[in-house]
Amino acid sequence: MATTSFPDASPRKKKAAAAAVPPRCDLIGAPDGVGQEAACTAHVSPRTLAVTAAEPAFSRQFGLSVDEICGHGLLGLLRSPVPGQLREQFTALSSGRCRRFRERVTGLDGEGRNFPADITAIAVGQHTGEIVGLVVLLRRVEQAAGGGPVLSAFDAQVLEGVARGESTVQLASRLYLSRQGIEYRVGQMLRRFDAPNRPALVARAHTLGMFAHGQWPPRVLPERVR
């Protein structure tokens, strides 16, 4: 699929680029060379971030038909662990400041249950530099078997402290560990939970059911501690 036309492109190629964003809800495929096996695809308006076309497999993730999902705002279907981050990334994509990004998100299926997924969003541009559409590929991430992640007792205390908003210095003082030791353990959990920062780590842990529901201060469930 052509995503960008150039000044010396033939009229046929220019026509193909202009048709990159389908005007109606048709079955559409993933762009060539993206390498997203088992991913489902939707096209999104760069101006409104509303779905303009989708594969049936994409709409089924949210309990909707192809016709029903068209017109839905993408940010109403997907959520990022860090509030506002997903909107900022799409704003950069729509303005041409970046060409693609990948993000771990959470969706809501037709039965009201959350599911984790990876999305890859790609800008579709003209030779003038104008962004005429966005392609979004979604690949659902299966939850790990056996009830989810399990932490050591010490890492569970670190995670609880992070969830309470404690700083590295506060954690180090309370747990009798060096600041470097705290940073090392937090860094390990960031990588393990595929989170870019501490707020995202806490959000991911909540999504995975690590914390006791409705309890403050936060406590990691006993079955998630070895």
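In helix H5 of this predicted model, the buried residues are Gln 85, Leu 86, Gln 89, Phe 90, Ala 92, Leu 93 and Ser 94. They amount to 7 of the 10 residues of H5, so the helix is largely enclosed by the rest of the structure. After H5 comes Gly 96, which has a positive phi, near 85°.

Strands of a sheet pair through backbone hydrogen bonds, either parallel or antiparallel.

Strand E1, residues 40-44, is joined to E2 by 3 bridges, and the two strands run antiparallel. Within this pairing, Ala 42 stands opposite Ala 54 of E2. Towards E6, E1 is joined by 5 bridges, again in the antiparallel sense, and Val 44 has Leu 134 in E6 as its bridge partner. Strand E6 then pairs with E5 over 9 bridges, also antiparallel; here Ala 121 stands opposite Val 136 of E6. The hairpin of E5 and E6 has 5 residues between its strands, and in it Gly 129 takes a positive phi near 95°.

The whole structure contains 3 aromatic pairs. One of them joins Phe 58 and Phe 62, whose rings are 5.5 Å apart, centre to centre, with 50° between the planes; this pair is tilted. Phe 58 has 0% relative accessibility and therefore counts as buried. Phe 62, at 5% relative accessibility, counts as buried too. Another pair is formed by Phe 90 and Phe 101: the ring centres lie 5.1 Å apart and the planes meet at 80°, so the arrangement is edge-to-face. Because Phe 90 lies in helix H5 and Phe 101 in strand E4, this pair ties together parts that are 11 residues apart in sequence. Phe 90 counts as buried because its relative accessibility is 1%, and Phe 101 likewise counts as buried, at 10%.

Which residues do ring pairs link into a cluster? They are Phe 58, Phe 62 and Phe 115. The face of Phe 115 has a further neighbour, as Arg 140 lies over it at 4.0 Å from the ring centre.

Helix H7 (residues 168-175) packs with helix H8 (residues 179-192) at an angle of about 110°, and their axes are 8 Å apart. With that angle, H7 is roughly perpendicular to H8, because the range from 65 to 115 degrees counts as such. On the H7 side of this contact stand Thr 168, Val 169, Leu 171, Ala 172 and Leu 175; on the H8 side they meet Arg 179, Ile 182 and Glu 183.

Helix H9, residues 198-207, contains Arg 198. What does Arg 198 touch, when residues up to four places away in sequence are not counted? Its contacts are Val 162, Glu 166, Ser 167, Thr 168, Leu 171, Glu 183, Val 186 and Leu 190. Among the residues that Arg 198 touches, Thr 168, Leu 171 and Glu 183 also take part in the meeting of H7 with H8. Arg 198 and Val 162 are 36 residues apart in sequence, yet their C-alpha atoms are 7.0 Å apart in space. Arg 198 has 22% relative accessibility and so counts as partly exposed, since buried residues must lie under 20%.

Terms used. Residues numbered from 1 in each chain as written. Predicted model: local features only at pLDDT ≥ 70, side-chain atom pairs only at ≥ 80, totals over all residues. Heavy atoms only, no water. Pairing = 2+ DSSP bridges. Helix = DSSP H or I, 4+ residues; strand = E, 2+ residues; numbered from the N terminus. Phe/Tyr/Trp six-rings, centres within 6.5 Å; stacked < 30°, edge-to-face > 60°. Buried < 20%, exposed > 50% of the residue type's maximum accessible area, 1.4 Å probe, protein only. Lys NZ or Arg CZ within 6 Å of the ring centre and 35° of its normal. Axes fitted to C-alpha atoms, helices over the stretch in contact; angles between N-to-C directions. Parallel < 35°, antiparallel > 145°, perpendicular 65-115°, else oblique. Contact = heavy atoms within 4.5 Å.
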